[in-house]
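User: Hey, I've got a protein here and I'm new to this. Can you walk me through it?
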Amino acid sequence: MDVTDARILHLPVNLAGTGWAHVNALRKKDVDARLLVFWPPRWRPDEYDINLDLPRQGFLRQQLVQWRALARYLPQTDLFHFYFGKTLVPKSLNMPILKATRTRSVMHFLGDDIRNKRLEQLDYRKKFDATIVGSYAATRWVPDATAVIPPGLDLSGYEPVPAVERERPLVVHAPSDLEKKGTRFVVEACKQLPVDLDVVHGVPHEEAVERFKRADIVVDQMHYLWHGVFAIESMAYGKPVVTHLDAEAVRQTEDAFGVKVPIVAATKDELVEKLRPLVDSFELRKRLGDEGRAYVERVHNLDTVADRFIDLYRTLL
């Protein structure tokens with residue numbers, strides 16, 4: 001079966017708009033892809049094709065809805081593209097059913113679902129026909145991942161914002177979780193520098209975007225080993241980004257994609273030291289912003305990401 005003849009269902013979450021972006025990119029390439037969600041995210045209420053709208057309470061009530069959905073969509077689907085370690089019904093039952101019906105499956109890990117977990121805790125990954133991680137940093141937890149496919153952005157919606165020279169640069173930090181992203185270290189570092197700080201938290205995505213488009217410098221996170229979607233969006237707007245990165249994953253990424261990772265790597269203890277050159281130099285901020293945009297065009301272009309999915313699907317169908 002060719003990919004363009006297959007029916008592909010992405011499910012059951014849409015974290016940071018990932019699933020919705022993927023199915024729309026695939027549809028542009030004449031792939032029959034749809035997104036099913038248990039519930040739409042609060043800040044992305046319309047991004048789905050199928051919304052199960054599970055009952056918020058009651059395990060048995062939820063299971064009834066989920067099993068009805070499996071009965072309905074299994075005959076309509078050639079490949080299930082799951083996200084975040086979740087399946088439509090419990091994995092112990094969902095996966096044998098897919099095997100029995102010869103329906104192909106992919107598990108696409110997104111970060112928190114695998115981070116700091118022992119490999120034996122992720123043994124369920126072997127039940128899928130393929131596994132995807134979004135970065136080489138994630139292969140420390142899933143070393144046998146079938147593919148590394150970075151998150152994609154539709155760059156037609158991201159026009160670079162020209163850098164502005166000003167006496168007190170604006171640092172923007174947009175944590176989804178204040179503790180997990182190390183927000184207090186960002187606040188403490190910025191107190192030691194001649195900068196203004198905008199912490200964007202708990203607001204709709206559209207408002208968050210408008211606020212970090214004004215940034216001169218973006219700080220992503222201080223605890224994880226790789227950047228998130230916020231950093232990718234910031235680079236797409238031409239913003240220099242500072243975050244915590246794993247050096248080996250940087251090397252692997254540069255080897256795999258043939259481009260330098262233009263992000264300033266920093267730990268929480270060296271954040272002031274790594275921020276200072278950016279604060280002092282408008283030219284450095286501008287250069288890294290331009291390099292960040294070029295990097296996103298090479299590595300995170302949604303059109304290219306969709307091609308990577310199609311290549312993987314072809315090996316399974």
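User: For contacts between residues at least 6 apart in sequence, what share join residues at least 24 apart?
Analyst: It's 65% of those contacts in the protein chain, where a contact means heavy atoms within 4.5 Å. One heads-up: this is a predicted model, so local features need pLDDT of at least 70 and side-chain atom pairs count only at pLDDT 80 or more, while totals for chains, interfaces and linings use all residues. Also, residues are numbered from 1 along each chain as its sequence is written, and side-chain values use heavy atoms, with hydrogens and water left out.

User: Ok. How many helices and strands are there in the chain?
Analyst: Ten helices and twelve strands. Both are DSSP runs numbered from the N terminus: helices are H or I with at least four residues, strands are E with at least two.

User: And what radius of gyration does the chain have?
Analyst: The chain has 20 Å, which agrees with the value near 20 Å that a compact globule of 317 residues would have. That radius is taken over C-alpha atoms, and the globule rule is 2.2 Å times the number of residues to the power 0.38. Along its principal axes, the C-alpha trace spans about 65 × 45 × 35 Å.

User: Switching to sheets. In what order do the strands of the five-stranded open sheet come?
Analyst: The order is β9-β8-β10-β11-β12, with parallel pairing. Two strands count as paired if DSSP finds at least two bridges between them. The edges are β9 (196–199) and β12 (264–265), each pairing on one side only.

User: Which helix packs on that sheet?
Analyst: Helix α4 (residues 183–191) does, touching β8 (170–173), β9 and β10 (217–219). The direction of α4 makes about 165 degrees with that of β9. For such angles, axes are lines fitted to C-alpha atoms, for helices over the stretch in contact, and the angles run from 0 to 180 degrees between N-to-C directions.

User: What about the inside? How much of the chain is buried?
Analyst: Buried residues make up 52% of the 317. Buried means under 20% relative accessible area, exposed means over 50%, and partly exposed is in between (1.4 Å probe, protein chains only).

User: How many residues are in the largest nonpolar core?
Analyst: It has 61 residues, and L36, L52 and F82 are among those with the most contacts inside it. A nonpolar core is a set of buried Ala, Val, Leu, Ile, Met, Phe, Trp, Tyr and Cys residues joined through side-chain atoms within 4.5 Å. Helix α6 (residues 229–236) gives the most to this core, with five residues. Apart from it lies another core of 24 residues, including V3, L79, I132 and L302.

User: Last topic: how many salt bridges does the count come to?
Analyst: The count comes to 28, a salt bridge being a side-chain nitrogen of Lys or Arg within 4 Å of a carboxyl oxygen of Asp or Glu.

User: Which residues does K29 form salt bridges with?
Analyst: K29 forms one with D303, the closest N and O atoms being 2.9 Å apart, and one with D307, at 3.0 Å. K29 lies in the loop between α1 and β2 and D307 in helix α10, so that pair ties together parts 278 residues apart in sequence.

User: Is K29 buried or partly exposed?
Analyst: Partly exposed, at 22% relative accessibility. D307 is partly exposed as well, at 31%, and so is D303, at 43%.
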